[in-house]
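Here are a few friendly notes to read alongside the model. Please keep the viewer open as you go through the points.

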There are 2 protein chains.
Amino acid sequence: MQLSKIGEFGLIKKLRAKCKNIPPEILAGIGDDAAAIKQGNIKILITTDMMIEGIHFDPSFTTFYQLGHKFLAVNISDIFAMGGKPKYFFTSIGIPKNYKSEDIDELYSGIFKIAGKFGVAIAGGDTCTSKKGLILSGTLIGSADRIITRAGAKAGDGIFVTSTLGDSAMGLMLLKSQKSEVRSQKFKNKNRNLKFKTRNSKLETLNSRSVLPLIKKHLTPEPVPLRNTSKVSSMIDISDGLLIDLSHICDESRVGAVIYKDKVPVSGELVNTAKALKADPLNFALKGGEDYALLFTASPDIKTTAFKIGEIVKSGRFIIDENGRKRKFKPEGYEHFKRK
Amino acid sequence: MQLSKIGEFGLIKKLRAKCKNIPPEILAGIGDDAAAIKQGNIKILITTDMMIEGIHFDPSFTTFYQLGHKFLAVNISDIFAMGGKPKYFFTSIGIPKNYKSEDIDELYSGIFKIAGKFGVAIAGGDTCTSKKGLILSGTLIGSADRIITRAGAKAGDGIFVTSTLGDSAMGLMLLKSQKSEVRSQKFKNKNRNLKFKTRNSKLETLNSRSVLPLIKKHLTPEPVPLRNTSKVSSMIDISDGLLIDLSHICDESRVGAVIYKDKVPVSGELVNTAKALKADPLNFALKGGEDYALLFTASPDIKTTAFKIGEIVKSGRFIIDENGRKRKFKPEGYEHFKRK
C-alpha cells in the first residue's frame with residue numbers, strides 16, 4: 001500500500017498496535033508529544049524530532065543560526081506539552097559534503113543560544129555524511145513531577161490555548177512569496193536580520209510592523225511553558241495545526257470538543273497581513289500549524305491567562321462560527337505522506 | 001572551511017570545545033559511545049545513531065527486515081560498550097513518498113525481533129516524509145550500575161577484543177561485487193534468505209560455507225555484552241575499525257598502545273575468502289569497521305574468553321607485525337566527510 005493512502009497518523013497507529021508487552025514503567029509512549037518513563041523516583045521525558053531539508057525547512061528562507069534555534073525549540077515545546085522541564089539535548093546531524101564547517105558552527109550557535117536560555121545541556125549525538133540535504137534529528141530528555149498526556153480530558157473541561165495562532169503559517173506563506181534575489185542575498189551577507197521584499201505593495205507597506213514578526217514566529221518560535229498545571233487534564237503542543245492537535249486530544253481522551261471560531265486568538269499582525277492578502281486569518285489559526293503554543297484542557301475554574309476557545313463534550317467535534325452556526329470539523333492541517 | 005578538510009572527528013572536537021558548564025550529573029557526554037547521566041540513584045545511558053540510505057546502507061544489498069535489525073543492533077552495541085543494559089528505543093524515520101507501507105512494516109518487524117531478544121521496548125519516535133532516500137535515526141536509552149567510558153585505560157592494562165574482526169567489512173565488499181540481477185531479485189522475491197552470485201568462480205565455490213556468514217555479519221550484526229566488567233578500565237565498540245577505535249581509547253585515556261598483528265583474531269571464513277581474493281585478511285580486521293565487537297582494556301589478570309591483542313603503554317601507538325617489526329599506526333578506517 002502506498003504511504004500516501006495510509007498517511008503519517010495511520011502509520012503511527014499501525015506501529016502502536018504492534019507494541020505489545022509495554023513495561024509498566026513506561027507511563028506514556030507512542031502517540032504523545034514525548035514518552036514518559038519512571039526510573040526510580042524520577043519521571044523522565046524523552047522526545048525525538050526530525051527536520052529534513054526540503055521538507056521541514058528551506059535554507060533559502062532561514063539562516064543556519066535560526067535553524068539551530070528552531071531545531072531545539074520544537075523539541076522543548078514537546079517537553080513543555082507534557083508538563084516537563086527540558087534538560088539534555090542530543091543532536092544527530094547528517095551533513096551534505098558540500099556544506100562548510102562555518103554553516104555547522106552557525107547551526108550550533110543557534111542551538112547553544114536557546115539551550116542556554118532554557119538551561120538545556122548538549123550532551124551528545126552523532127555526526128555523519130548525508131547524501132542530499134541537511135538532516136537534523138534531535139532527542140531531548142526532560143523530567144516532570146506530574147506527567148500531562150493527551151489522554152486526560154473530560155466532558156465539561158474548558159479548552160485553552162496559550163497564545164495567538166496562525167502567525168507561523170502566515171510567516172511561511174510570506175517567506176514563500178519572497179523574491180528569489182532576496183533569498184540568495186540573505187546567505188551571501190551572512191546577515192541574521194530578517195529581510196522581506198515582495199512585489200505586493202500592500203505587504204511592503206506592512207513590512208516591519210506586521211510582516212516581520214510573523215516571519216520571525218515561523219523561523220524562531222519561542223516555546224513558553226505553562227506555569228501552573230495542577231488543574232490541567234490534558235495537553236499537547238500545536239505543531240500540525242489546532243484542528244489536528246485538538247483531534248489528537250479527543251482521540252486519546254475519547255471525548256468530543258466544541259470550539260468557537262471567534263474565540264480562537266489571532267494577532268493584530270496576522271489580521272493586518274491577511275486583510276492585505278484578502279485571506280481569512282482564522283484559516284491560518286485553525287489549520288496552520290507550527291505555532292508551538294500549548295493547547296490544554298482544564299476544569300473551568302482554572303485561573304489562567306490562556307485563551308479559552310471552547311469546551312470538551314462527550315462526543316462529536318464541532319466548530320461554531322461567528323454567526324452561531326455549528327458544523328463538524330475534521331482534523332485538517334499538516335500530515336506527512338498525505339497528498340495535498 | 002570544507003567539511004572534508006576538518007572531518008567528522010574534527011567537527012566533534014570543535015563541538016565538544018563549545019560545550020561549557022556541563023552539569024555534574026552528566027558522567028559521560030560527547031566523545032563516548034553513549035552519554036551517561038545520573039538521575040537520582042540511577043545511571044541512564046543515551047545513545048543516538050543515524051543511518052542514511054546511500055551512505056550507511058544500500059537497499060539493493062539488504063532487506064528492510066535486516067535493516068531494522070541492524071538499526072537497533074548498532075545502538076545496542078553502543079550501550080554494551082558503556083557496560084549497560086539496553087531498555088527503550090525511539091525511532092525517528094524519514095520515508096520517501098514512493099516507499100510502500102509494507103516496506104516500513106518489514107523494517108519494524110526486524111526492529112521488534114531484535115528488541116524482543118534483548119528486552120528492549122519501542123517507546124516512541126517521529127515519522128515524517130523524506131525528500132530522498134530512507135533516513136533512520138534511533139535513540140536507545142539504557143542503564144548501568146557501573147559506567148565504563150573510553151577514558152579509563154592505564155599503562156600496563158591488556159587490550160582485548162570480544163570476537164573475530166573484519167568479517168563485516170569483507171561482507172560489504174562481497175555485497176558490492178554481487179551481480180546487479182541478484183540485487184534487484186532479492187526485493188522482488190521478498191526473500192529474506194541470503195543469496196550471493198558472482199562471476200568469481202573461486203568465491204562461488206566458497207559460497208555457503210564462507211561467504212554467506214560474512215555477508216550475514218555485515219547485514220545483521222549480533223551485539224554481545226561483556227558479562228563481567230569489574231576489572232575493565234575502558235571500553236568502546238568497534239564501529240569505525242580497530243585502529244580508529246583503539247585510537248579513541250588512547251585519546252580519551254591519554255595513553256599509548258602496542259598491538260600484535262598476529263594476535264588480532266580473524267575467522268576461518270574471512271581467511272578463506274581473502275585467500276580466494278588474494279587479499280590480506282588482517283587489512284579487513286584492522287581497518288574494516290562495523291564489527292560491533294567490543295574493544296576493552298583491563299588489568300592483565302582478568303579472566304576472560306576475549307582475545308588479548310596487545311597492551312596499553314604510556315605513549316605512542318604501535319603495531320608489531322608477524323616478523324616482530326614495530327611500526328607506528330594511524331587511525332585508519334572509516335571517517336565521515338573525509339575524502340577517500
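**Notes on strands, domains and the chain contact**

1. Let me start with a strand pair in chain A: strand E2 (residues 35–39) and E3(A) run antiparallel, joined by 5 bridges. Within this pairing, A:Lys38 has A:Lys43 of E3(A) as its bridge partner. Please bear in mind that this is a predicted model.

2. The turn of that hairpin deserves a look in your viewer. Between E2(A) and E3(A) there are 2 residues, and A:Gly40 in the turn has a positive phi of about 65°.

3. Which strand does E3(A) pair with over 10 bridges? That strand is E6 (residues 135–144) of chain A, and the sense is antiparallel. In this pairing, A:Thr47 has A:Leu140 of E6(A) as its bridge partner.

4. How many of the 11 residues of strand E3 (residues 42–52) of chain A are buried? The count is 10, so E3(A) is largely enclosed by the rest of the structure.

5. Now to the domains. Chain A splits into domain 1 (3–144) and domain 2 (149–340). Across the boundary, 25 residues of domain 1 of chain A are in contact with 26 residues of domain 2 of chain A. On the domain 1 side, helix H1 (3–18) and helix H2 (64–81) of chain A each supply at least two residues. H2(A) gives the most to that side, with 11 residues. By class, the domain 1 side holds 10 nonpolar, 10 polar and 5 charged residues.

6. The contact between the chains takes 63 residues from chain B and 63 residues from chain A. On the chain B side, the elements that give two or more residues include helix H1 (3–18), strand E3 (42–52), helix H3 (101–118) and strand E6 (135–144) of chain B. The largest share of this side comes from E5(B), with 10 residues. The residues on the chain B side divide into 33 nonpolar, 20 polar and 10 charged.

7. Finally, a set of strands in chain B. Strand E9 (residues 256–260) of chain B pairs with strand E12 (residues 317–320) of chain B in the parallel sense, over 4 bridges; here B:Ala257 stands opposite B:Arg317. E12(B) also pairs with strand E13 (residues 326–328) of chain B, in the antiparallel sense over 3 bridges, where B:Phe318 stands opposite B:Lys328.

8. What lies between E12(B) and E13(B) in their hairpin? There are 5 residues between them, and B:Gly324 in the turn has a positive phi of about 85°.

How values were computed
Residues are numbered from 1 along each chain as its sequence is written. Chains are lettered from A and ligands numbered from 1 in the order in which they are written. This is a predicted model: local features need pLDDT of at least 70, side-chain atom pairs count only at pLDDT 80 or more; totals for chains, interfaces and linings use all residues. Domain bounds come from an automatic or database domain assignment. Two residues are in contact if their C-beta atoms, placed from the backbone, lie within 7 Å. Ala, Val, Leu, Ile, Met, Phe, Trp, Tyr, Cys and Pro count as nonpolar, Asp, Glu, Lys and Arg as charged, and the others, Gly among them, as polar. Two strands pair if DSSP finds at least two bridges between them. A residue is buried if 20 or more other C-beta atoms lie within 10 Å of its own, exposed if 12 or fewer, and partly exposed in between; C-beta atoms are placed from the backbone.
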